[in-house]
Amino acid sequence: MDLFEYMREQQKETEAPLASRLRPTTLDEMVGQQHIIGKDKLLYRAIKADKLSSIILYGPPGTGKTTLAKVIAHTTSAEFLQINATSAGKKDMEEVIAQAKNNQGMYGRKTILFIDEIHRFNKGQQDYLLPFVEDGTIILIGATTENPYFEVNGALLSRSIIFELKSLSKEDIRTLILRAVTDREKGLGAYNAVIDDDALEFLADVANGDARAALTAIELGVLTTERSADGKIHITLAVASECIQKRVVKYDKSGDNHYDTISAFIKSMRGSDPDAAVYYLARMLYAGEDIKFIARRIMICAAEDVSNADPMALVVATSAAQAVERIGMPEAQIILAQAVTYVASAPKSNSAVCAISDAMAAVRDTMTAPIPVHLQDAHYKSSQKLGHGVGYKYAHDYPNHYVKQQYLPDGLTDRMFYHPSENGYEKTIREYFEKIKGMQP
């Protein structure tokens, strides 16, 4: 490190945002996440013993994923390297692996590689890391706000332990704000600021578990508020509300709020309320939900709750899913709104759900009931010699392209799994069956 680089690092330490300066360097300084870093927990013991294996840290923004990685960096004897998946390319990864191999071969020293936003790596980039994780060249710490089971290579997941970080509690945020205001070394203590109880309560509440949002707001408040006659900077409720103009939307993709919102979204479409459905769509988009996830839920609803009452619902939903991937935000919100309002407005039927549910139960109970001989494949001479296909009636040879014959296995011939409803196109299906079956002797 030359003199200029050293000066840059020193300047970064003093001029970095408060949320960065206030990051703890030891496990005991960390606030929250006691379910994974409590003193009796696996991750705490592994970090303390410096016996860490590859891990994935998964959770919403501002919950301490990068902070935890920095704590590990300060406590491990291994070489700690860091890259960000949003900017790192193949050359960066090759350089890191080369350095890790040198550490291992020349010094017998382990290398921990921290990859922030690992979900941004494509499959090829993740595959590149796999052999080096497997042979111990690197110990991987991946951080992601996305569900790793969807976004991270399954092979990497199988070689890592996943730790889910939760949104910080209101009390945790209060603790961090007070620490920020009073800490003279890393925080804002030198400014001689005080925060009113109602302002503290307000910021802890509206931050909704996002420590970064709370610390950014309090830093802005202290740095932009004039001193009062007593020489102190007073952070009042009015100041606090000015400093956090928009309420931080709590949308933990693994927590209750996420599931409550998507539940309301689905139930509104199912309940034929396009106004409510598009409102919950807007809430999810506003919170930054993955548009691919939303599109998947619309497709499921189209099949589960509309079914053949309007077969076009699934066509519209599937087309929307393809379109949003190609177009992206912000225009994708229009496409999603079209699909949502279509599915919500369509006639409803859950006949497909009932059909497959009953059929699965029948398969479970009967296991492998023999397929009727006349339905068995007769393309091969050996099959024909066994009588396969003999007696099969080709439907198109009969009036209305329908002929009555046994299709279900013996013992199930009286079972009916699909019951078309009286809604939408299924009424036509029901009437069609009644017509063609009634014409058969």
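In the predicted model, the largest cavity is lined by I47, D50, L52, I72, T75, T76 and I112. By class, this lining comprises four nonpolar residues, two polar residues and one charged residue. The volume of the largest cavity is about 30 Å³, and a search of the whole structure finds one cavity of 30 Å³ or more. Rolling a probe the size of a water molecule over the atoms shows where empty space is left.

The loop between strand 3 (111-116) and helix 7 (123-134) was examined next. This loop contains H119, and E117 is found in the loop between strand 3 and helix 7 as well. H119 counts as buried because its relative accessibility is 13%, a value under the 20% limit for buried residues. Leaving out residues up to four places away in sequence, H119 touches T144, T145, E146 and E151. E117, by contrast, is partly exposed, with a relative accessible area of 26%. The backbone of E117 has a positive phi of about 55°, although E117 is not a glycine.

A positive phi also occurs in Q33, a residue other than glycine, where the angle is near 60°. Q33 lies in the loop between helix 2 (18-21) and helix 3 (34-37). With a relative accessible area of 6%, Q33 is buried. A further backbone feature concerns the peptide bond from M329 to P330, which is cis, with omega near 10°. P330 is placed in the loop between helix 17 (312-327) and helix 18 (332-345).

Helix 19 was considered along its length and around its axis. Helix 19 spans residues 351-366 and has 16 residues. The distance from its first C-alpha to its last is 22 Å, close to the 22 Å expected at 1.5 Å a residue. Within helix 19, S351, A355 and A362 are buried. These three residues cover an arc of only 35° around the axis, and therefore they lie on the same side of helix 19. M360 and R364, on the other side of helix 19, are exposed. The buried residues of helix 19 pack against helix 21 (424-438). After helix 19 comes M367, whose phi is positive, near 55°.

Helix 13 (residues 237-243) includes V239. The relative accessibility of V239 is 18%, so V239 counts as buried; the limit that applies here is under 20%. Leaving aside neighbours within four places in sequence, V239 is in contact with G221, T225 and H234. The separation between V239 and D358 was also computed: these residues are 119 residues apart in sequence, and their C-alpha atoms are 61 Å apart in space.

How values were computed. Residues numbered from 1 in each chain as written. Predicted model: local features only at pLDDT ≥ 70, side-chain atom pairs only at ≥ 80, totals over all residues. Heavy atoms only, no water. Helix = DSSP H or I, 4+ residues; strand = E, 2+ residues; numbered from the N terminus. Expected span 1.5 Å × (residues − 1). Buried < 20%, exposed > 50% of the residue type's maximum accessible area, 1.4 Å probe, protein only. Arc of directions from axis to C-beta. Contact = heavy atoms within 4.5 Å. 1 Å grid on protein atoms, 1.4 Å probe; cavity = no way out; pocket = protein on both sides within 12 Å on 5 of 7 lines; lining within 4 Å. Points joined across faces, edges and corners; volume = space filled by probe spheres on them. Nonpolar A, V, L, I, M, F, W, Y, C, P; charged D, E, K, R; others polar.
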